[in-house]
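Thanks for coming. Please have a look at the sequence and the model first.

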Amino acid sequence: MKILIIEDEKLLADSIRTMLRSKGFEVDVCYDGESGADYALLGVYDLLILDVMMPGMNGYQVARQVRSRRCNTPILMLTARSGLEDRIEGLNAGADYYLTKPFDIRELMACINALLRRQGGQVDEMVYGNTALDLSTSTLICGENSVRLSTREFDVMRLLMQTREKNLSKEVILARVWGYDSNAVENHVEVYVGFLRKKLASIGSNLRIEAIRRQGYHLEVDEECSES
């Protein structure tokens, strides 16, 4: 499960990230609203934890922008403002829950788990076309055929399955799979896409990883293959 924290209080954001990682979540952090909105709109997160009071683009504005782009990722809004009108504004902006600072870490975890359950976040596989990606075993499955993926192959394939027909640039894939501090280069993405194409073909999948010049990669379902 992937969670994005958008919080300008660095100490608080980093503390929440450390706690969530200890619970087994994958966590990214943005310290301002503008970059937070950009990351949220990638569509790869299962939950957004969003602070209200941020300079520049505040949390209400981020939530409205995310919702206006038809991103339905659950939003847990954090704020020191506890007035009724503030809570109403947060919910109207698109938040699913409104948690007032300071909060107990147990309350935060209860909110996170409730939102993920509501979203159906406890899924064990992702399905697109005639192909499933088993999240517990890192296995691609098509009918009676299956193939195990390496850690990097799994991470790239999961990202592609999450975004489907939306293009993912090589830069985004590098950042999400290898990390922002990695020395990996775009050629690494090309190599692993090549590995995945071969494995998809080996199990008779009707999924194709398409490359669009200067825009990146996306998945397409081969309808002819589906009908055959």
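**Strands, cores and cysteines**

Cys142 has Asn145, in β9, as its bridge partner. Before I go on, this is a predicted model, in which local features need pLDDT of at least 70 and side-chain atom pairs count only at pLDDT 80 or more, while totals for chains, interfaces and linings use all residues. Residues are numbered from 1 along each chain as its sequence is written, and side-chain values use heavy atoms, with hydrogens and water left out.

Back to that bridge. Strands β8 (residues 139-142) and β9 (residues 145-148) pair in the antiparallel sense over 4 bridges. Strands here are DSSP runs of E, at least two residues, and helices are runs of H or I, at least four residues, numbered from the N terminus. Two strands pair if DSSP finds at least two bridges between them. Another bridge links Thr139 to Arg148 in β9. Between the two strands of this hairpin there are 2 residues, and Gly143 takes a positive phi near 60°.

Which order do the strands take in the open sheet of 4 strands? The order is β6-β7-β8-β9, with antiparallel pairing. The edges are β6 (125-128) and β9, each with a single partner strand, so one side of each has no neighbour in the sheet. From one strand to the next, the twist averages 20°. Axes are lines fitted to C-alpha atoms, for helices over the stretch in contact, and angles run from 0 to 180 degrees between N-to-C directions.

Helix α6 packs on this sheet and touches β6, β7 (131-134), β8 and β9, and its direction makes about 125° with that of β7. Contact means heavy atoms within 4.5 Å. Arg158 is found in α6. Is Arg158 buried or exposed? Arg158 counts as buried, at 10% relative accessibility. Buried means under 20% relative accessible area, exposed over 50%, and partly exposed in between, with a 1.4 Å probe and protein chains only. Leaving aside neighbours within four places in sequence, the contacts of Arg158 include Met1, Glu26, Asp46 and Leu133.

Now the cores. A nonpolar core is a set of buried Ala, Val, Leu, Ile, Met, Phe, Trp, Tyr and Cys residues joined through side-chain atoms within 4.5 Å. The largest one has 52 residues, and Met157, Ile173 and Trp178 touch the most other members. Helix α6 (residues 151-163) gives the largest share of this core, 6 residues. A second, separate core has 21 residues, among them Ile3, Ile16, Cys111 and Ile112.

There is also an open sheet of 5 strands, in the order β2-β1-β3-β4-β5, with parallel pairing. Leu50 has Met77, in β4, as its bridge partner.

Last, how many disulfides does a search of the whole structure find? The search finds 0, a disulfide being a pair of cysteine sulfur atoms within 2.5 Å.
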